[in-house]
Amino acid sequence: MTNAATRTEPFAHPALLYRSDREYLAGTVPFLLDGMAAAEPVAVAAPAPRLELIRAELGATAAEVHFVDMTRAGRNPGRIIPSVLRSFADARTAGRVRIIGEPIWPGRTAVEYPACVQHEALINVAFQGRDVTILCPYDARALPSDVIADAHATHPVVIDAGRERASTAYALERVLARCNERLLHPPGAATVHFDSDALPTSRDFAVREARERGMSDARVQDLALVVAELTTNSVVHGGGSGTLRIWAESEQIVCEVQDNGHLADPLAGRHPVRIEQLGGRGLFLVHFLSDLVRVHTGEDGTTVRSYVART
């Protein structure tokens with residue numbers, strides 16, 4: 001791979017478009033071998049079938065690679081930066097780090113996809129100025145054309161048919177603005193308003209509504225923690241009060257909290273949490289417990305929506 005992405009910026013974030021297993025291996029395995037030859041730590045976070053392809057091709061040298069099943073670790077795209085990418089990169093204090101990250105695969109739902117695009121855009125913010133290369137493969141034979149167009153918009157460099165070029169469609173700010181879309185809730189959502197005195201009541205309300213909609217006890221506990229974090233954040237940072245809504249959607253229970261606050265940090269909830277850190281864990285915990293998180297923030301307030309599987 002050439003160094004077109006790193007001529008003026010140490011961080012490199014190319015998209016790899018592939019149309020066959022052979023193209024996938026041709027774009028990923030040399031990337032890993034070059035890193036190992038340079039004594040650079042290397043990791044692959046991808047769906048399990050892709051991990052097996054790379055392992056088989058690498059043979060014994062696969063032992064030097066850190067493998068992560070992205071369909072599990074990255075089911076909620078909001079977890080990928082802190083818990084997959086930063087977790088690996090931050091453990092290395094010197095030299096370049098190489099990571100293959102495949103967060104978008106055929107089978108991602110229409111509800112999940114906007115969060116995936118937002119994640120790809122935010123990688124450029126989270127790693128700006130760092131000696132890290134994150135190569136993102138896209139299955140161009142199976143993914144829709146608009147997904148491939150988004151790959152061009154979220155990656156400064158695109159590799160296609162073995163050729164690496166600067167993306168003329170790269171548009172970080174436009175993509176982030178598009179992903180910050182207003183979240184419309186269904187008219188039948190159960191709703192309660194809360195303030196500092198009603199925090200326990202709002203949590204009990206969410207637990208009751210989730211159980212009535214068939215949520216298992218284990219996931220109810222996750223949902224209760226999500227609601228506690230979001231409502232407390234609203235009281236402390238969102239104007240002292242807010243509105244909690246909850247409803248069922250497919251196999252998930254959805255809860256959302258709306259308040260008058262504004263999130264100025266686009267990476268809120270995606271910063272790794274230090275052991276000694278006091279506070280600032282709320283949105284990180286929400287991402288960790290949820291199967292999907294969507295956020296809209298503006299001058300008129302913020303809405304955080306959490307999706308949690310019923311079982």
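## Contact of helix 6 with helix 7

In this predicted model, Asp150, Ala153 and Thr154 of helix 6 meet Leu172, Arg174, Val175 and Arg178 of helix 7. Sorted by class, the residues of this contact comprise 3 nonpolar, 1 polar and 3 charged.

Helix 6 spans residues 145-154 and helix 7 spans residues 172-179. Their axes lie 8 Å apart and form an angle of about 125°. An angle between 115 and 145 degrees is neither roughly perpendicular nor roughly antiparallel, and the two helices are therefore oblique to each other.

## Aromatic pairs

The model contains 2 aromatic pairs. In one of them, the ring centres of phenylalanine 11 and phenylalanine 127 are 5.8 Å apart; the planes meet at 20°, so this pair is stacked. The pair joins distant parts of the chain, 116 residues apart. Phenylalanine 11 belongs to the segment before strand 1 (14-18), whereas phenylalanine 127 lies in the loop that runs between helix 5 (113-126) and strand 5 (132-139). Phenylalanine 11 has a relative accessibility of 6% and therefore counts as buried. Phenylalanine 127 is likewise buried, because its relative accessible area is 0%.

An aromatic pair is also formed by tyrosine 18 and tyrosine 24, with 4.7 Å from centre to centre. With 70° between the planes, the arrangement is edge-to-face. Tyrosine 18 has a relative accessible area of 1% and is therefore buried. Tyrosine 24, at 0% relative accessibility, counts as buried too.

## Arginine side chains over phenylalanine rings

Arginine 55 is placed over the face of phenylalanine 67, at a distance of 4.3 Å from the ring centre. Arginine 98 has its charged end over the ring of phenylalanine 31, and the distance to the centre of that ring is 5.1 Å.

## Surroundings of proline 114

Proline 114 is a residue of helix 5. Leaving aside residues up to four places away in sequence, proline 114 is in contact with Cys179, Glu181 and Arg294.

Conventions. Residues numbered from 1 in each chain as written. Predicted model: local features only at pLDDT ≥ 70, side-chain atom pairs only at ≥ 80, totals over all residues. Heavy atoms only, no water. Axes fitted to C-alpha atoms, helices over the stretch in contact; angles between N-to-C directions. Helix = DSSP H or I, 4+ residues; strand = E, 2+ residues; numbered from the N terminus. Parallel < 35°, antiparallel > 145°, perpendicular 65-115°, else oblique. Contact = heavy atoms within 4.5 Å. Nonpolar A, V, L, I, M, F, W, Y, C, P; charged D, E, K, R; others polar. Phe/Tyr/Trp six-rings, centres within 6.5 Å; stacked < 30°, edge-to-face > 60°. Buried < 20%, exposed > 50% of the residue type's maximum accessible area, 1.4 Å probe, protein only. Lys NZ or Arg CZ within 6 Å of the ring centre and 35° of its normal.
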